[in-house]
Amino acid sequence: MTTIRTRFAPSPTGYLHIGGARTALFSWLYARKHGGTFVLRIEDTDLERSTAESVNAILEGMTWLGLEYDEGPFYQTHRFDRYKAVIQQLLDQGKAYHCYCTKEELDAMRAEQMEKKEKPRYDGRCRHRAEPREGVPPVVRFHNPDEGEVVIEDWVRGRVVVKNGELDDLIIARSDGSPTYNFTVVVDDHDMNITHVIRGDDHLNNTPRQMNILAALGADIPHYAHVPMILGADGARLSKRHGAVSVMQYRDDGYLPEAVLNYLVRLGWSHGDQEIFSIDEMIQLFDIDAINHSASTFNPDKLLWLNHHYLMHGDPAHVARHLSWHLGQLGIDPSAGPDPVEIVKAQRERCKTLVEMAKASEFFYREFEQYDEKAAHKNLTPAAATALEALRENLAGLMPWGKAAIHETVAATAEALGVKMGNVAQPLRVAVSGTAVSPPIDTTLELLGQNQTLARIDHALEFIAKKS
């Protein structure tokens, strides 16, 4: 039985975007489901646009998403000798030829075809040229069959038939000898024994040409699955203005990788009405034939909803590892304060992103510069000073310092003063956090610690005294 081999083959001319990440995920899931091999290939033959920074961005995105590859990364620029040898093989077999047509001649040919309302295409005029043309460096063209048709049994689109007469003789090597995209893809898929090619349907037009080259090489034809594009809410192809940014931007914006993966797998694939999938469930349930035929619409609100779900229900230790990175982005050393695992447990109900959680937790790790103006005006008043003084006295002698004892002390203080607990807890919250919003006051004080709590109450009392 043939081992399943899939590949993800991005061009390093930019970051790893959402569409590319989905293609990688589908290819990875199919290989994992069937015990196959997932290959990463960097298609960097566009020497002018390919950059090392883009390669790093792709590798970083794959690592963050957890899409580990079994082989690679393979770089096409390291395989030029192999491409050159295959081009020579096709030339020797008469399946490719040198074309000496100039740009001006090609332009004139296309203009004449368009004037006759014919489909612009190369007419094969150099197929039988025997002699080189002095002063014109030739390209190499693949001799496409004139008769017959190419049948693509696409696993998403169904049966697609293209007549060979509609295809022209593709350039497989430029005049400087460098190989072209459609040719290198074919050689790589053949050499790497790729069995299933899962990619965006913008590549569907390339497939008949690639299949003909594979046939000319006597190679096995892989199974193809062309996945519909992702659209923005306005129905246009997803772009930066819709939020189609780098995968790593989602990390920077506070999303968990599993939330992004869960969202991506549902962009064009479904299993009944199920919305939440663990990685293991994705592997178990995913299949190509369940990919939707129609385009999917990117919905940022749905992604945010999923992220909040994973913050709420994920392993706090796992979430905390990601939170620690975001705390670091704020210049905070997570070891210089409460355990981030406890911060996650305290904050995850009210925070939808890790950025939000990190910013809301900043006061646990360092002094805030000023109180929220509205919260201070309402809660840090001369009337509140009495409650804060009583709290300061009662909390100072509290041993041991813990959530239950703190709750009991705050409640007892309110009762002794003859006021509702909120009239005591809210000024205390503003005093220790600088804002009117924090986790429950007993949790907040437990995480903050006794010394910090007392110091911040003292600071609040000084603030009230100066204001009076």
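The model is predicted, so local features need pLDDT of at least 70 and side-chain atom pairs pLDDT 80 or more, while totals for chains, interfaces and linings use all residues. Residues are numbered from 1 along each chain as its sequence is written, and side-chain values use heavy atoms, leaving out hydrogens and water.

Strand E5 (residues 139-142) is joined to E8 by two bridges, and Arg-141 has Ile-171 in E8 as its bridge partner.

Turning to charged side chains, the whole structure holds 30 salt bridges, each a side-chain nitrogen of Lys or Arg within 4 Å of a carboxyl oxygen of Asp or Glu. Arg-251 and Asp-252 meet in one of them, at 2.9 Å from N to O. Here Arg-251 is buried, with a relative accessible area of 18%, whereas Asp-252 is partly exposed at 32% (buried is under 20%, exposed over 50%, partly exposed in between, with a 1.4 Å probe and protein chains only). Glu-112 forms a salt bridge with Lys-116, with the closest N and O atoms 3.2 Å apart; Lys-116 is exposed at 52% relative accessibility. A network of salt bridges links Arg-7, Arg-41, Glu-43, Arg-79, Arg-82, Asp-188, Asp-189 and Asp-191.

Methods:
Two strands pair if DSSP finds at least two bridges between them. Helices (H or I, at least four residues) and strands (E, at least two) are DSSP runs, numbered from the N terminus.
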